[in-house]
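This report describes one protein chain, going from its overall fold to single residues. The sequence and the model come first.

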Amino acid sequence: MQVTPTPSPVRPATPAIQPEPESGSPSEVHAWSLPPWGLLPSQIPQRLEVLPGPSSLELFRRSRRIAAWGFASYAVVVVAAFIIVGRPGPVTLFALVALVVGGAAFGLVGPPYVERIKDEHREGYTVWRQNTLWKPQVDAATGFVIRPAGARALSLQEEAVALKRVREIARYLDER
């Protein structure tokens with residue numbers, strides 16, 4: 001009579017990083033917490049050292065907000081001139097000149113995100129989803145790679161999922 005051995009469960013070559021026990025009851029699990037069996041080192045993406053300060057994407061968003069505030073202010077002044085002043089021509093002309101001069105001054109100084117993009121490229125990464133596929137895309141907050149160099153561009157939904165995942169991993173690793 002031949003006995004067939006029962007197979008043992010396959011274990012990874014490297015041990016999993018086990019989460020530390022949480023305070024409180026075991027049923028209290030945060031929505032962002034990782035699985036109770038831990039995180040395998042192969043599941044942790046590469047982490048790059050990002051430049052200190054705001055990323056080029058954040059600087060770009062700030063520039064857009066400044067432009068939006070400028071145009072909104074112009075619209076408010078023009079509407080107020082029509083409502084309050086009997087002859088709105090000089091007020092609207094002055095507001096238009098102020099808008100053009102402010103835009104020209106901002107253009108001469110140069111948007112700060114352009115230089116930051118160049119600095120990020122020199123460091124070997126990008127935070128932009130499109131048009132820079134030759135560099136790895138990283139999360140500016142954590143430095144984890146969410147798209148390797150040469151891979152196709154992520155959709156908005158894929159980027160959101162990848163950002164959520166690496167931020168959960170960073171929170172987990174940073175708490176240890």
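## Basis of the values

The model is predicted, with local features given only at pLDDT of at least 70 and side-chain atom pairs only at pLDDT 80 or more, while totals for chains, interfaces and linings use all residues. Residues are numbered from 1 along each chain as its sequence is written, and side-chain values use heavy atoms, with hydrogens and water left out.

## Overall fold

The chain contains four helices and two strands, arranged along the sequence as α-α-α-β-β-α. Helices (H or I, at least four residues) and strands (E, at least two) are DSSP runs, numbered from the N terminus.

Of its 176 residues, 26% are buried; buried means under 20% relative accessible area, exposed over 50% and partly exposed in between, with a 1.4 Å probe and protein chains only. Contact means heavy atoms within 4.5 Å. Among contacts between residues at least 6 apart in sequence, 53% join residues at least 24 apart.

## Helix packing

Helix α1 packs against α2 (residues 89–109) at about 170°, with the axes 9 Å apart. Axes are lines fitted to C-alpha atoms, for helices over the stretch in contact, and angles run from 0 to 180 degrees between N-to-C directions. The two helices, α1 and α2, are therefore roughly antiparallel. Angles under 35 degrees count as roughly parallel, over 145 as roughly antiparallel, 65 to 115 as roughly perpendicular and the rest as oblique. On the α1 side the contact includes Ile66, Phe71, Tyr74 and Phe82, and on the α2 side Val91, Thr92, Leu96 and Phe106 are among the residues involved. By class, this α1–α2 contact has twelve nonpolar, three polar and no charged residues. Ala, Val, Leu, Ile, Met, Phe, Trp, Tyr, Cys and Pro count as nonpolar, Asp, Glu, Lys and Arg as charged, and the others, Gly among them, as polar.

Helix α1 also packs against α3, at about 170° and with the axes 8 Å apart. This pair, α1 and α3, is therefore roughly antiparallel as well. Ser56, Leu59, Phe60 and Ser63 of α1 meet Pro112, Tyr113, Arg116, Ile117 and Glu120 of α3. The α1–α3 contact divides into five nonpolar, two polar and two charged residues.

## The second largest pocket

The second largest pocket has a volume of about 390 Å³. On a 1 Å grid over the protein atoms alone, a pocket is an open set of points where a 1.4 Å probe fits, with protein on both sides within 12 Å along at least five of seven lines; lining residues have an atom within 4 Å of a point. Grid points are joined across faces, edges and corners, and a volume is the space filled by probe spheres set on the points.

Its lining has 19 residues, with Leu57, Arg61, Val127, Trp128 and Glu159 nearest the centre. α1 (56–84), β1 (137–138) and α4 (156–175) each supply at least two lining residues, and α1 gives the most, with five. The lining has eight nonpolar, four polar and seven charged residues.

Threonine 92, in helix α2, is buried at 16% relative accessible area. Beyond its neighbours within four places in sequence, threonine 92 is in contact with Tyr74, Val78, Ala81 and Phe82.

The loop between α3 (112–123) and β1 holds asparagine 131, which is exposed at 67%. Phi of asparagine 131 is near 70°, a positive value in a residue other than glycine. Threonine 132 lies in the loop between α3 and β1 but is buried, at 7%.
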